[in-house]
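Work through the exercises below with the model open. Each task is followed by its solution.

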Amino acid sequence: MKAADGREPLAVLDRVSFSYDQGRTWALDEVSLTIRRGQQTCIIGANGSGKSTLARLLSGSLAPDRGRIELMGRVVFDSARPPGQRVDTEAYRQAREHIGMVFQSPEDQIVTTVTEDDVAFGPENRGMSRPCMQAAVSQALRYVNLAGRRRSDPTRMSGGQQQRVAIAGALAMHPDMMVMDEPGAMLDSAGRRKIATIMADMAAHGKAVVNITHLLDEARAADRVIVLDRGRIVTVGSPEESLSRLQEELHGDMFDADMPVSHGDAPRSGTPDTWTDASDSGRTGSPGGEEAAVTAKNLSFSFDKKHRNVVDHLDLSLEEGKTLAVLGPNGSGKSTLARLICALVSPKEGDLSVAGITLAGEGAATSRRVAKERLRMLRHRVGYVMQKPEHQLFAETVAQDVAYGPRNLGFDKEDVTRRVNRALSMLGLGDLSDRSPFDLSGGQQRLVAIAGVLASSPRILVLDEVTASLDARAAQTIVTMLEGLHQQGVTVILITHDEEEVCRLADQAILMDRGHLVSRGGVDEVLRDYRGLQTQGAPMESEETTVPADSALSATGGENQVGRPSLVERLDPRAKMVCFLMLMVTSFCIGTGPQLILGALTTVAIILAARISPLKLLKSVSGLLALMAVVALLNLLVTREGTILARWGPLIVTDQGLRTALVYSCRFGLVLLLGALLLMTTTPTRMTDAFESLLSPLSRLGIHTSEISLVLSLALRFIPTLVGEMQAIREAQAARGGSVESGNLSSRTRAMVSIVVPVFAAALRHADNLGQALDARAYRGGQGRTHYRESHLQGIDYGFMGLVVIYFVLLVVLIVI
Amino acid sequence: MGMLSHTDNHQNQETSGTEPFDAHSTAGGVSGRWSTRRIAMYALFVALTIVLSYVSIPIFPAAPFLKYDPSGIVVLIAGFAFGPMAAAIVGVLGFLPHIFGNPFGALIAIIVALALGLPASLIYKRIHSRKGAVIGILVGAVTGLVAALLCNLVITPIYAHMGFHQVLGMIIPVLLPFNLLKFTIHGIITFLIYKPISNLVKD
């Protein structure tokens with residue numbers, strides 16, 4: 001292949017076609033292009049244009065059906081060759097060693113809970129030697145400006161930082177070409193700017209950079225822009241040429257690949273019947289529009305006492321029928337404000353009333369019953385569209401899913417049907433009602449989920465980033481729908497990053513930053529402040545995500561960060577885990593006072609050696625103390641020997657019973673403390689490493705020990721992710737009136753299913769992304785892997801094991817005595 | 001195995017231990033190893049089991065300290081969607097993190113999860129239909145129930161100074177109805193959701 005400019009071609013596609021359905025439709029249709037070293041290419045297209053497929057062909061993770069592909073100078077696929085030889089798997093394998101890949105979802109690419117370990121994952125899979133690996137990790141982290149965070153937990157970082165960790169993970173494998181599939185799609189503008197700088201830098205350092213995106217403004221920085229539409233390249237050229245042609249065609253029919261809705265069924269901006277519902281009899285406000293839809297005074301919220309306020313002393317007043325835009329960087333508290341308004345979380349302090357219902361402050365419900373009744377009324381009046389609402393879909397058909405809200409709110413069958421049809425036709429989805437929501441395109445799924453909220457005809461509609469990562473056409477449908485609702489007097493609260501959307505829809509706006517309301521008023525002035533805040537740059541991106549992990553689960557993990565590691569922290573995790581487990585099991589053999597004292601002294605000695613605050617330790621086992629009480633009570637009541645001390649009817653308490661209760665509950669307490677101590681002084685990474693090492697002898701029996709350990713390690717890393725997903729889905733379904741805690745058996749079962757199915761769907765979605773990320777990081781099983789961390793048993797470990805043995809001997813001696 | 005023959009690549013993925021057969025694969029067939037997709041699926045199912053095992057809903061007023069957790073559903077679904085091997089992996093790894101909280105409790109949880117998930121998935125693998133799912137769930141629930149009662153019989157004396165008859169006298173009126181209720185809820189939810197989720201797995 002002759003180079004147009006002198007630079008070396010790294011990927012050459014020649015009339016390549018790809019089909020997901022054995023040739024019935026073509027995701028890519030005769031695509032030809034060349035990617036060169038040092039060049040930054042942007043591939044732009046709508047959802048469904050085939051751009052992600054193209055990314056996977058370029059990265060060597062998928063082979064096409066037809067055409068010829070050359071990667072890193074070698075032909076990896078050629079359909080002209082005889083069947084069976086068209087894919088050259090060895091050439092593919094070698095080519096992939098030089099290709100780095102970064103995906104859309106930042107968090108699904110993270111494999112472990114320590115940044116440097118995560119970056120080292122690819123080099124480990126390559127079997128790099130430890131000195132090489134250390135140099136590669138340090139260099140890659142410096143490159144993405146995260147050298148100072150090498151010991152931080154990437155699962156707790158902001159999306160922008162996570163994406164930089166992912167880039168570092170790819171860079172540590174020294175690729176010649178980086179293929180980035182929508183790296184900025186889930187980030188705010190500050191996060192995107194940082195990624196753009198890194199991409200330009202990589203190109204300047206001679207790597208080929210391919211950035212796949214649907215965001216027009218990302219294309220401006222590229223050397224070359226390729227526009228993809230329905231599987232075909234429609235434009236190739238400089239950013240200026242391509243973008244101007246794109247702008248022209250955008251007004252035509254180009255970006256509708258994602259929306260196979262016939263034109264006859266185009267969304268209507270208005271509905272024939274009035275939106276306001278007679279059935280919402282609890283409504284108190286006058287229809288004139290001077291009534292306040294939302295009033296908040298001094299409103300604050302924090303996840304717990306230790307964390308700063310996520311919403312901090314906020315005052316807000318919104319008239320009925322208005323559209324309010326809520327602006328602010330990620331982590332500024334916008335979503336929390338939305339959840340407060342929808343009564344999904346309760347404020348820490350302040351007054352809040354929504355749709356004429358007082359939720360907090362003076363006049364708030366004093367009894368449980370009143371609060372429950374008010375909440376029911378609120379669910380009628382306030383609709384909540386969460387971020388990525390398509391993740392809440394669960395039912396077998398679109399119609400059943402949309403009907404979930406109205407059914408929960410108690411409308412009769414006919415009314416439910418009428419509401420479902422109306423909501424679907426408002427969004428142009430009429431002919432999809434019998435389809436499975438899971439068979440639809442991403443854009444359609446989002447519209448179905450929104451219909452599921454509209455079907456309850458809320459007076460106030462709260463939408464969180466509703467057009468984010470949608471293509472222009474689907475976004476347009478939503479904007480038209482919101483204009484229609486506005487005309488009918490629905491109050492709309494719109495959280496968004498999209499300035500154009502704000503200008504088109506909002507009457508007024510507020511700007512939030514770190515929980516504070518920093519600006520409010522007309523759209524123009526607030527937008528000006530918003531831009532001002534953005535150009536300040538660095539502080540835009542909140543450093544840590546604000547949601548703390550579930551407390552029961554976060555016990556699995558924290559290393560004592562302050563100062564020199566304690567003796568217990570310095571123990572080899574293998575020696576520590578085995579010894580602790582044996583200490584715990586032998587605690588159950590303690591039967592006498594002296595033994596109990598010995599066990600207690602040993603435990604205290606270990607606590608001291610671990611330099612853990614006893615209070616912190618007690619707090620971490622507080623959830624299990626109830627279990628200890630049950631053990632004590634049980635022993636007290638079942639023991640009938642000895643002198644009777646007290647008697648209530650058939651229940652007797654004896655002196656022996658007291659003694660047994662004391663010994664049994666205390667020895668159980670020791671078990672709990674030792675377990676908690678181990679978890680507090682060992683990171684999950686160290687534990688899974690130790691698990692792998694301890695398990696490895698079993699690999700001789702044909703058990704995939706290395707893979708099993710990786711499964712466990714990935715599972716631990718995904719716990720916070722799934723907890724977050726589950727909470728979001730539970731809230732979204734609760735906002736539609738679903739409740740697992742109350743109602744009759746069938747509605748409780750339905751509520752459970754409406755949460756469990758989306759949670760499974762979320763798990764599968766993460767699994768798909770994670771599988772790709774593991775491929776991109778060259779994971780090929782445990783064989784040939786090297787380890788970034790080395791562990792050897794040292795003197796301190798042998799010492800500890802010796803002490804544990806002495807302890808066991810003493811326990812036995814005490815029995816004999 | 002011809003890499004390019006365009007046969008349906010989802011057919012034998014569901015229950016057998018073989019790798020998904022993908023016409024667009026660029027990887028050489030490394031036999032005996034797990035695919036990255038399979039590792040990722042197991043990992044997420046294990047994570048889900050761990051998360052749900054920390055949920056505790058009181059369902060049995062007679063013994064409020066016995067709490068329902070829905071993690072068993074994940075073991076059943078994993079077994080139905082990916083086969084007995086997945087049920088075993090999810091059952092063992094999903095409860096392993098509890099080993100440092102409550103070692104014997106974790107051991108019981110693992111044994112019960114295996115007794116529930118393995119028979120259910122083995123039966124569903126043989127009888128791959130709605131009927132097979134029902135039989136699988138019922139048999140799994142019975143073996144799970146028996147395992148739960150037997151384990152408690154053995155392990156309760158470690159926690160309380162009780163004789164065999166005392167334990168038996170407590171288990172029958174308290175643990176039997178609680179576990180019956182628990183496995184009924186597991187079974188109903190699993191039956192309602194296994195089909196939609198199997199469809200998602202195939203995509």
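A residue is buried if 20 or more other C-beta atoms, placed from the backbone, lie within 10 Å of its own, exposed if 12 or fewer, and partly exposed in between. Helices (H or I, at least four residues) and strands (E, at least two) are DSSP runs, numbered from the N terminus. Residues are numbered from 1 along each chain as its sequence is written, and chains are lettered from A in the order in which they are written. The model is predicted: local features need pLDDT of at least 70, side-chain atom pairs count only at pLDDT 80 or more, and totals for chains, interfaces and linings use all residues.

**Exercise 1.** State how many residues of helix H1 (residues 51-58) of chain A are buried.

Solution. Go through the helix residue by residue: Lys51(A), Thr53(A), Leu54(A), Ala55(A), Arg56(A), Leu57(A) and Leu58(A) are buried. That gives 7 of 8, and H1(A) is mostly covered. Just after H1(A) comes Gly60(A), with a positive phi of about 80°.

**Exercise 2.** Find the strands that pair with strand S9 (residues 224-229) of chain A, where pairing takes at least two DSSP bridges.

Solution. Start with strand S3 (residues 40-45) of chain A, which runs parallel to S9(A) and is joined to it by 5 bridges; here Cys42(A) faces Val225(A). Next, strand S10 (residues 232-237) of chain A pairs with S9(A) in the antiparallel sense, also over 5 bridges, and Asp229(A) is opposite Arg232(A). Between S9(A) and S10(A) lie 2 residues of a hairpin, in which Arg230(A) has a positive phi near 45°. Last, 5 of the 6 residues of S9(A) are buried, so the strand is largely enclosed by the rest of the structure.

Technical notes:
Two strands pair if DSSP finds at least two bridges between them.
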